[in-house]
Amino acid sequence: MALRLGDVAPNFKAQTTAGEIDFYEYLGDSWGILFSHPADFTPVCTTELGKTALLKDEFAKRNVKVLAVSVDPLDRHKGWVNDINETQNVEVNFPLIADSDRTVSSLYDMIHPNASETFTVRSLFVIGPDKKVKLMITYPASTGRNFNEVLRVVESLQLTANYSVSTPADWNHGEDVIVATAVSTEDAVKKFPKGVKVIKPYLRYTPQPNL
Ligand code: BEZ
C-alpha cells in the first residue's frame, strides 16, 4: 500500500556507496530526506545530486540527513559519483543506495509503471525525527527538482513542529508566519511576544518565532 503523510516511514537495510546502512540507524534523531533518481549516468540526475551536495551545509544546519536511491548497482554508482564530482564541481557527501532488487523503491512506491516499468520516478520523502512521513513530492524523470524549495519546506515543517504556526503561500525564511487556528488570539499574544497581527479571527500573523 502506498505511503501517506503521517505514516511511519518503513525501515530497511541497503547497500550504499558508504557501505551497508540501516535506515533508522542512519537517521538517528535527525530529520531525513530519501529521494529517488531514475538512473545513473543521466543528465538531470547528475545535476540534482550535484546540487544536493552543494547544499550540504544548509541540510546540516537544519539537522537533515540525505539518502539517495537509484536502482543501478554499486559499481555503477561509484563511477557515476566520480562524474558528478567532476562535472558539478562538488564532493558527493551523502550515501547513494544501490537498489538493484527494488527493495527500497517498492517499500516507498517509487516505481510508477505507467511512467516506467523499470526506473524510479523522482520521489522525495521528508521524514521527521519521529520517523513519520512529513512530505512527499513526485516529479517526472524529465524535470529536476528545486532543492531550495526542499530546504524551504523543511524549514516550514520544523517551524510547525516546534511552534504553533503554519507558513503562508510563497513564504520564505524571515517572513511572517501564521498563528495556528487552535491557538486563541488571547493565548497567541502571550505565546508570540514579537506581536500578533489580526487580519481576521482565523488569519493572524506573527514574526518568524525562531529568529
Ligand atoms: C535524466 O536524469 O536526465 C533522465 C533520466 C531518465 C529519464 C529522463 C531523464
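## Contacts, cores and ligand shell in a predicted model

User: How much of the contact set in the chain joins residues at least 24 apart?

Analyst: Among contacts in the chain between residues at least 6 apart in sequence, 64% join residues at least 24 apart, where contact means heavy atoms within 4.5 Å. This is a predicted model, in which local features need pLDDT of at least 70 and side-chain atom pairs count only at pLDDT 80 or more, while totals for chains, interfaces and linings use all residues. Residues are numbered from 1 along each chain as its sequence is written, and side-chain values use heavy atoms, with hydrogens and water left out.

User: OK, and how many helices and strands are there?

Analyst: The chain has seven helices and eleven strands, taken as DSSP runs numbered from the N terminus (helices are H or I with at least four residues, strands are E with at least two).

User: What share of the residues is buried?

Analyst: Of the 211 residues of the chain, 45% count as buried; buried means under 20% relative accessible area, exposed means over 50%, and partly exposed lies in between, with a 1.4 Å probe and protein chains only.

User: Which residues have the most contacts inside the largest nonpolar core?

Analyst: They are Ile 33, Phe 35, Leu 49, Phe 94, Leu 124 and Val 126, in a core of 27 residues. A nonpolar core here is a set of buried Ala, Val, Leu, Ile, Met, Phe, Trp, Tyr and Cys residues joined through side-chain atoms within 4.5 Å. The elements giving two or more residues to this core include strand S3 (31-36), helix H2 (43-54) and helix H6 (147-162), and H6 gives the most, with six residues.

User: What does Phe 35 touch?

Analyst: Not counting residues up to four places away in sequence, Phe 35 touches a set that includes Leu 49, Val 66, Phe 94, Leu 124 and Phe 147, and also Thr 52, Ser 123 and Arg 145. A second, separate core of 18 residues includes Leu 27, Leu 34, Leu 67 and Met 110.

User: Switching to the ligand, what surrounds it?

Analyst: The ligand is surrounded by Pro 38, Thr 42, Pro 43, Val 44, Cys 45, Arg 122 and Ala 141, each having a heavy atom within 4 Å of it. The largest share of this shell, three residues, comes from H2.

User: Is Thr 16 buried or exposed?

Analyst: Thr 16, in strand S1 (residues 13-16), is buried, with a relative accessible area of 2%. The side chain of Thr 16 reaches the backbone oxygen of Gly 19 at 2.7 Å, and a polar atom of that side chain lies 2.8 Å from the backbone nitrogen of Ala 18.

User: Which phi does Asn 89 have?

Analyst: Asn 89 has a positive phi of about 60° although it is not a glycine; Asn 89 sits in the loop between H4 and strand S5 (96-98) and counts as exposed at 69% relative accessibility. Arg 102 has a positive phi of about 65°, and is not a glycine, but Arg 102 counts as partly exposed at 25% relative accessibility.

Definitions and conventions
Polar contact = N/O pair within 3.5 Å; in protein donor to acceptor, adjacent residues only side chain to side chain.
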